[in-house]
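Visitor: Can you walk me through this one? Start with whatever I need to know to follow the words.

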There are 2 protein chains.
Amino acid sequence: MSTITVPAQVPSVADDCEQLRKAFSGWGTNEGLIISILAHRNAAQRKHIRETYAETHGEDLLKALDKELSQGFERIVLLWTLDPSERDAFLANEATKRWTSSNQVLVEIACTRSSQELLLARQAYHTRFKKSFEEDVAYHTTGDFRKLLLPLVSSYRYEGDEVNMTLAKSEAKILHQKISEKAYNDDDIIRILATRSKAQINATLNQYKNEFGNNINKDLKTDPKDEFLAVLRATVKCLTYPEKYFEKVLRLAINKLGTDEGALTRVVATRAEVDMKAIKGEYHKRNSVPLDRAIAKDTNGDYEDMLLALIGHEDA
Amino acid sequence: MSTITVPAQVPSVADDCEQLRKAFSGWGTNEGLIISILAHRNAAQRKHIRETYAETHGEDLLKALDKELSQGFERIVLLWTLDPSERDAFLANEATKRWTSSNQVLVEIACTRSSQELLLARQAYHTRFKKSFEEDVAYHTTGDFRKLLLPLVSSYRYEGDEVNMTLAKSEAKILHQKISEKAYNDDDIIRILATRSKAQINATLNQYKNEFGNNINKDLKTDPKDEFLAVLRATVKCLTYPEKYFEKVLRLAINKLGTDEGALTRVVATRAEVDMKAIKGEYHKRNSVPLDRAIAKDTNGDYEDMLLALIGHEDA
């Protein structure tokens, strides 16, 4: 569920563009005005604003924002204003270029989006970068990481609810056996995680727990420093409990000395219209502090205001 | 270019359905009438006929055909009548269940279709089989075959004409080095073939030939009995010269003792509306005999008539 609030009476797109233009003009930029408009429009409305702005002023709204804003505030406004599929393509492209630390971003995009959303991101990638998403992932990764990430980002999973319990049992057994042998990069582990439907994977992992006692991610934590195991765990988490996955990303970003603005911005921009309500619930439960209070404590200025507006903080 | 002929004045869809119904009724089936209609309607028209037939007679046309027809003739009529994406999903599903001999069918579907067509086939696969294409491919294959086939069938290649010559040179070198080492299942060979755009692969393989003297497929033929090498060669051929690939499939199917009807039917049904004109040209050049004469010599009855109608034989 979305956390943004859209006014009952939305101004006309022309009015919104006019106000944005005003926010950019004169001495200094009116950041509050920008937030009051963009943070309170849904994806379809923002898209319409961007199109109309380009027609009216002969300039891409993103370019105008890029000229006017800076730092953390700029990034959240730009990411937010992008169409979700373009945003995913943009984040994916960035992630392919930064080795290891960004594998989780790739997993996130591959595993928390619907099949259709991932496909739209791949199409947006073609349009923007004149190559394919999987091509860049394959080119910039190696070894086990490539073996896992390439099928993940190329997947077009079946999304029905049907579950084959016989298969769930046999594949739970395969997973357990391979993990016991520490064969974490085994073909079958990757095949199951990369190609089965989320419903089927869920059934398999429930079976794993019933049969072998542990949550699979516990068994995948034998070496906390192993990057590949971390990516495997992120894959499992993104496929089965995306809101818990994102809670943890936010927790680590906020608890870090100095705040990981990149992660905080990414999660808020990509989840505000999707499942931020559930993520906030998880965050509060896990940290005994509401997410908006944690963000307010850790950030400031326009950046803070924009984040709070997107996660539905009352005063924003 | 398509080889089917559609009459200048196409009867109304209602008339076509009426005539088909007539062909099924009474004692015996009027196969000639069925051919005269279905073989001379394009994909959109056939789809419309199927929809109208179901509405009018409360039965799927494919089911009616299935009841009335048999053997080779039945299969070509059914495959032809299917929507191209449903047909690909159907052939793909069949191929996943038959080991090795059908790897080439999977390569064919993955590498000779456009990115959009492959995607539509994957969507049709969900609808019809309640699972994903890549899931079945991954489940039914192993080892090197899976390593190659899974990314091939999951690809969504960029389709622009842009070519990066620096990359073509460096990747030609990688291919040559790995092939020299007989590391045919090397990660990079598979990455390049499975993720680069067809234009880029073409540039790379031209570079390969310029730099190292041989056509890459010649270097991939060190052991003619090696199934994996055969699949690799099919991949290269499908990506770069689909009409030559299909000419060879037809040649082997026809020259075989007893005719490989499965292959003949598949190629005619899937290519008649795509590039059958080019395939016929290649066939004539390579065999010094026109394709229609070769087919007429090797087949008979309604099956022969339907094949000839689809490849645009004048009397059909």
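Guide: Helices (H or I, at least four residues) and strands (E, at least two) are DSSP runs, numbered from the N terminus. This is a predicted model, where local features need pLDDT of at least 70 and side-chain atom pairs count only at pLDDT 80 or more, while totals for chains, interfaces and linings use all residues. Residues are numbered from 1 along each chain as its sequence is written, and side-chain values use heavy atoms, with hydrogens and water left out.

Visitor: OK. Where is Glu68(A) found?

Guide: Glu68(A) belongs to helix H4 (residues 61-68) of chain A.

Visitor: Which residues does Glu68(A) contact?

Guide: Setting aside neighbours within four places in sequence, Glu68(A) is in contact with Phe24(A) and Thr29(A). Contact means heavy atoms within 4.5 Å.

Visitor: And Phe24(A), is that buried or exposed?

Guide: Phe24(A), in helix H1 (residues 13-24) of chain A, is buried, with a relative accessible area of 8%. Buried means under 20% relative accessible area, exposed over 50%, and partly exposed in between (1.4 Å probe, protein chains only). Glu68(A) is partly exposed, at 29%.

Visitor: New topic. What span should helix H16 of chain B have?

Guide: The expected span is 1.5 Å times one less than the number of residues. For the 14 residues of H16 (residues 242-255) of chain B that gives 20 Å, and the end C-alpha atoms are 20 Å apart, so the two agree.

Visitor: What covers the buried residues of H16(B)?

Guide: The cover includes helix H7 (103-112) and helix H15 (227-240) of chain B. Among the buried residues are Tyr245(B), Phe246(B) and Leu250(B).

Note on methods. Chains are lettered from A and ligands numbered from 1 in the order in which they are written.
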